[in-house]
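Please look through the sequence and the model below before reading on. The paragraphs after it take the structure one part at a time.

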Amino acid sequence: MTIKPGAGGTESQDWASILLRMYLRWAERRGMTASVLDETPGEEAGIKSATIQFSGENAYGLLAGETGVHRLVRISPFDQAARRHTSFASVFVIPEIDDRIEINIRPEDLRVDTFRSGGKGGQNVNKVETAVRITHIPTNIVVGCQAQRSQSKNRELAMKMLRSRLYDLEIQKRQAHTDKLDESKLDISFGSQIRSYVMQPYRLIKDHRTKFEVGDVDRVMDGDLDPFIRSYLMAKKTKGKLDVQPEDDADVA
């Protein structure tokens, strides 16, 4: 899973970090292993991006429906005038592909950068260039990993992420060729949010695809996502497709 903030600077970056915590708490509740492979902090607060690897039974099947734009409405803690703000962050989920699936990656198509990992992790992590960022030049896909203490292990994990991203890209190309409009997928862009998390002027979390909503915001933000995941899977099975309806809240951007 990759989480990235939308436009809006510190406000959106803080929202991305809140989503990161929510998914980590969800994994903890379900007894799954969640490893933050790469995390780039924001200048003042929050994160610019984060990549998490989930390991557990049906991990991808449960999380696949989280792909899309997540919208937050709240009184911004960064606004001295205490105005209501709307923030966006995108979530992108792909499966880790089977090692038996062959993905041809030419070494000359890769640019590998190494740097020192940030945050805690011990002397070796902070003083030696153990973190790895790989750019696949033909597609401009960038993956990174700084979770491990050795550069070789971080490179290995980054390559696995790259293989998964390239595999997913190829699947999307083939699907687009056979079906120009796949209504079961959402484009990750503003205006196509899959879920809204409203904390002001009322408290409600609503999934725009299934119309499922919950008023206990704190419980959901603490990782209780299963009702949303369950309603999405049931709706997808019974309807075959899911549509996002526009939100009509009047917000201060």
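This is a predicted model: local features need pLDDT of at least 70, side-chain atom pairs count only at pLDDT 80 or more; totals for chains, interfaces and linings use all residues.

Begin with helix 1, which covers residues 10–30. Helix 1 has 21 residues and spans 31 Å from its first C-alpha to its last, close to the 30 Å expected at 1.5 Å a residue. Just after helix 1 comes Gly31, with a positive phi of about 75°.

Next, consider the nonpolar cores. In soluble globular proteins, nonpolar side chains tend to be buried together. Here the largest nonpolar core has 31 residues, and the members that touch the most others are Met1, Ile3, Leu19, Tyr23, Trp26 and Phe54. Among the elements that give two or more residues to this core are helix 1, strand 3 (47–55), strand 5 (84–92) and helix 6 (226–239). Helix 1 gives the most, with eight residues.

Tyr23 can be followed in more detail. Leaving aside residues up to four places away in sequence, Tyr23 touches Met1, Ile3, Phe54, Leu63, Glu66, His70, Val91, Arg195 and Leu225. There is also a second, separate core of 13 residues, including Ile134, Ile141, Ala158 and Met161.

Now turn to strand 5. How many of its nine residues are buried? Seven are, so strand 5 is largely enclosed by the rest of the structure. Strand 5 runs antiparallel to strand 1 (residues 2–5), and four bridges join them; Thr2 has Phe92 of strand 5 as its bridge partner. Strand 4 (residues 68–75) also pairs with strand 5 in the antiparallel sense, over eight bridges. Leu72 has Ser87 of strand 5 as its bridge partner.

Technical notes:
Residues are numbered from 1 along each chain as its sequence is written. Side-chain values use heavy atoms; hydrogens and water are left out. A nonpolar core is a set of buried Ala, Val, Leu, Ile, Met, Phe, Trp, Tyr and Cys residues joined through side-chain atoms within 4.5 Å. Buried means under 20% relative accessible area, exposed over 50%, partly exposed in between (1.4 Å probe, protein chains only). Contact means heavy atoms within 4.5 Å. The expected span of a helix is 1.5 Å times one less than its number of residues. Two strands pair if DSSP finds at least two bridges between them.
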